[in-house]
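Thank you all for coming. I would like to walk you through a few places in a structure that may be new to you, taking them one at a time.

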Amino acid sequence: MDNLSNDLLTEIWCRVPYKIVVSCKSISKRFLALFSSPDFIKRSIYHSHTLLQHMNDEEHEKEWCLNFVSKRKLLISFLPNIHHLSDPQNQLSLSFLGRKFDPKLDDVIRKKGVSYSRIVGYSNGLLLCKKTARGRVYHVCNPITKDWVQLPLPPPPLTGHNQRDCLLEGFVCEPYYHIQGNTNRVTFNRHRFRVVRFPYFDGTKSQFVMVVFSSETGQWSIKIVSCPKGFKQATFLVPAVAHGGKLYFMGMMGLLVYDPFNNDEECNTIDYPFPSPRHFPFTGHVGVSCGNIRIANVSCTFNNPVIVSVSVWELEQDSTSWSLLHVTSLPRQDLRNCIRAELQTGREDEILDMVTVRAFHPYHGDVVFFQRAHCIFYGNLMTNQFETLGYGIDGFQTLQIISLDLPWWPTPVPSMT
């Protein structure tokens with residue numbers, strides 16, 4: 001291989017999954033220089049992008065893998081060259097962040113006084129993690145390269161230093177690179193990120209406080225944000241969804257859209273596309289598929305037998321209206337087949353028998369991931385084909401399922417200046 005030119009090595013190695021490429025940087029100084037060069041990275045991104053364009057829907061549908069970081073954290077990873085991550089030896093882990101992220105601590109049985117680590121958000125290849133669910137110690141990391149940075153502590157909660165936080169949180173990072181559609185030319189961006197803490201309040205408010213961290217300044221700032229239509233937070237606090245540089249927070253009657261990059265003192269709301277949405281935060285899901293914000297809602301018709309159906313809407317380009325894409329009845333399942341004794345966190349009668357939408361497929365618009373009790377399954381809502389994938393502990397806030405639409409090259413963690 002020493003006799004091969006850099007151009008030929010680039011043509012060979014740009015076709016290798018980047019997790020393997022990253023791990024091979026330590027082989028020699030030549031490999032380190034080659035794999036770190038902008039020309040090689042651009043070539044690798046272009047190859048992966050071209051591969052995705054030539055995949056059909058059937059190939060997209062199966063192009064993902066499950067990655068249990070721990071018993072309380074499940075990552076669903078998507079990428080055309082993702083197969084190497086399905087190998088148990090190549091599974092992603094967060095243990096490099098420290099003892100609090102050791103998977104052995106995420107035991108199935110909840111211990112009194114134990115606060116588990118959490119994944120707070122995902123955006124363009126980076127994760128925002130917390131040492132404890134109600135704490136203020138944040139890490140921004142890349143699970144592929146294992147690069148990370150710890151953020152400075154944010155201001156204490158408005159209720160005081162000794163009070164536990166009760167808030168919504170969001171994380172959004174700009175893309176590391178851009179692919180021009182007409183020429184397929186790859187250019188790099190000076191990417192940056194924002195972390196948003198949105199303290200909980202009762203009732204409907206048209207003005208509230210958000211605490212925002214900027215990667216450029218390396219500091220937190222308190223923003224007084226106005227919302228002309230008013231916003232009522234959900235009692236079920238779910239992290240925001242990041243898309244297009246904006247954060248979408250789930251509320252009781254609609255979504256709150258906040259742009260922390262370009263307009264951090266104003267926001268707007270989008271009503272849900274269905275009547276009586278008060279229970280939506282408990283049964284529904286907000287996510288991104290095919291480049292657009294989507295909402296899924298599960299409803300039940302209490303006939304004999306009970307009919308469970310899922311509806312999926314997509315946000316229109318005007319960002320104010322929704323289009324209905326799917327209404328599908330889910331197959332009947334025996335609850336006993338959805339329960340695993342080894343995953344019990346308490347008594348069997350404490351399991352909440354309900355179907356929840358847990359994730360969308362980022363490329364295949366008909367594929368949705370569900371959970372009922374311990375059973376995790378996916379379905380193609382166009383063909384009505386459903387398949388069980390595996391089992392995880394019960395409960396939306398107990399088992400975190402994070403959809404990772406991985407970029408074609410690992411996103412560097414932006415330096416904080």
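Let me begin with D366, which, leaving aside its neighbours within four places in sequence, is in contact with H326, G379, N380, L381 and M382. Please keep in mind that this is a predicted model. D366 is found in the loop that runs between β21, residues 355-360, and β22, residues 367-372. D366 is buried and yet has no salt bridge, since the nearest side chain of opposite charge, that of R294, is 5.8 Å away.

Next, the cysteines. How many disulfides does a search of the whole structure find? The search finds zero. C141, for instance, is in no disulfide, and the nearest cysteine sulfur, which belongs to C129, is 4.2 Å away. C141 is also buried, with a relative accessible area of 0%. C267 is likewise in no disulfide, with the sulfur of C227 as the nearest cysteine sulfur, at 3.9 Å, and C267 counts as buried at 7% relative accessibility.

Finally, please look at helix α4, which covers residues 38-53. At 1.5 Å a residue, its 16 residues should span 22 Å, and the end C-alpha atoms are 22 Å apart, so the expectation and the model agree. Which residues of α4 are buried? They are F40, I41, S44, I45, S48, H49 and L52. Seen down the axis of α4, these buried residues fall within an arc of 165°, and therefore they line one face of the helix. As background, an α-helix has 3.6 residues a turn, which means that residues three or four places apart point the same way.

Key
Residues are numbered from 1 along each chain as its sequence is written. This is a predicted model: local features need pLDDT of at least 70, side-chain atom pairs count only at pLDDT 80 or more; totals for chains, interfaces and linings use all residues. Side-chain values use heavy atoms; hydrogens and water are left out. Helices (H or I, at least four residues) and strands (E, at least two) are DSSP runs, numbered from the N terminus. Buried means under 20% relative accessible area, exposed over 50%, partly exposed in between (1.4 Å probe, protein chains only). Lys and Arg count as positive and Asp and Glu as negative; His and the chain ends are not counted. A salt bridge is a side-chain nitrogen of Lys or Arg within 4 Å of a carboxyl oxygen of Asp or Glu. Contact means heavy atoms within 4.5 Å. A disulfide is a pair of cysteine sulfur atoms within 2.5 Å. The expected span of a helix is 1.5 Å times one less than its number of residues. The arc is that of the directions from the helix axis to the C-beta atoms.
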